[in-house]
Amino acid sequence: MTPDDPHAPDVRALLERHFEFNHTNSPPEDVHALDASELAADDVTFFTIRHDGVLLGMGALKQLDPSHAEVKSMHTTADSRGRGVARAMLTHLVDVARARGCTRVSLETGNQDAFAPARALYMSMGFVPCGAFNGYWEDSTSVFLTLEL
């Protein structure tokens, strides 16, 4: 995993697929995905996983405060699913948060069936349900999860 440019052409294509997936499976008001400019903000660190230069997945860590970070924009290419790419990215993001001194990592994801694999991954790594955080609101399509470090 390496920090990367969310404006890179192949990354932008994966971001487009990420947005399409979210908008297909969630009402527009409940899509909280960040665009390339937001992923390039000072409080966000954006990472990709590549193999021989080919993009396999992406993820970001948004620093909410000195002790709390949020996982954002986790998405893998269709060809890389089932190969451990998402687990490797999530492990990396949690490790980065821990190295920064965070005591908590949280995330928001969908409760629809399409998001079931993501929820299963997060929960298998110790994330547990929590309330809405950092300006989110409780709604009928979001699931909020957190991991105490």
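User: Which residues of H4 are buried?

Analyst: This is a predicted model, in which local features need pLDDT of at least 70, side-chain atom pairs count only at pLDDT 80 or more, and totals for chains, interfaces and linings use all residues. Residues are numbered from 1 along each chain as its sequence is written, and side-chain values use heavy atoms, with hydrogens and water left out. Buried means under 20% relative accessible area, exposed over 50%, and partly exposed in between, with a 1.4 Å probe and protein chains only. By that rule the buried residues in H4 are Arg119, Leu121 and Tyr122.

User: Where do the buried residues of H4 sit around the axis?

Analyst: The residues in question are Arg119, Leu121 and Tyr122. The arc is that of the directions from the helix axis to the C-beta atoms. Because they cover an arc of only 160 degrees around the axis, they lie on the same side of H4.

User: Which elements do the buried residues of H4 pack against?

Analyst: Helices (H or I, at least four residues) and strands (E, at least two) are DSSP runs, numbered from the N terminus, and contact means heavy atoms within 4.5 Å. H4 lies across strand S4 (68-76), S5, S6 and strand S7 (142-148), running at about 160 degrees to S5; axes here are lines fitted to C-alpha atoms, for helices over the stretch in contact, and angles run from 0 to 180 degrees between N-to-C directions. The buried residues of H4 pack against S4, H3, S5 and S7.

User: Which strands stand at the edges of the sheet?

Analyst: Two strands pair if DSSP finds at least two bridges between them. The sheet is open, with 7 strands in mixed pairing and the order S1-S2-S3-S4-S5-S7-S6. Each edge strand has a single partner strand, so one side of each is left without a neighbour in the sheet, and these strands are S1 (2-3) and S6 (128-129).

User: Which residue in S2 stands opposite Thr2?

Analyst: S1 pairs with strand S2 (residues 44-51) in the antiparallel sense, over 2 bridges. Opposite Thr2 in this arrangement stands Thr48.

User: How many salt bridges are there?

Analyst: Side chains of opposite charge can pair when their charged atoms come close. The rule used here asks for a side-chain nitrogen of Lys or Arg within 4 Å of a carboxyl oxygen of Asp or Glu. Counted in this way, the number of salt bridges is 4.

User: Which residues are linked in a network of salt bridges?

Analyst: Asp4 forms a salt bridge with Arg50, with the closest N and O atoms 3.0 Å apart. Since Asp4 lies in the loop between S1 and helix H1 (9-25) and Arg50 in strand S2, the pair ties together parts that are 46 residues apart in sequence. The side chains of Asp10 and Arg50 also meet in a salt bridge, at 2.5 Å from N to O, and this pair links helix H1 with strand S2, 40 residues apart. The residues linked in the network are therefore Asp4, Asp10 and Arg50.
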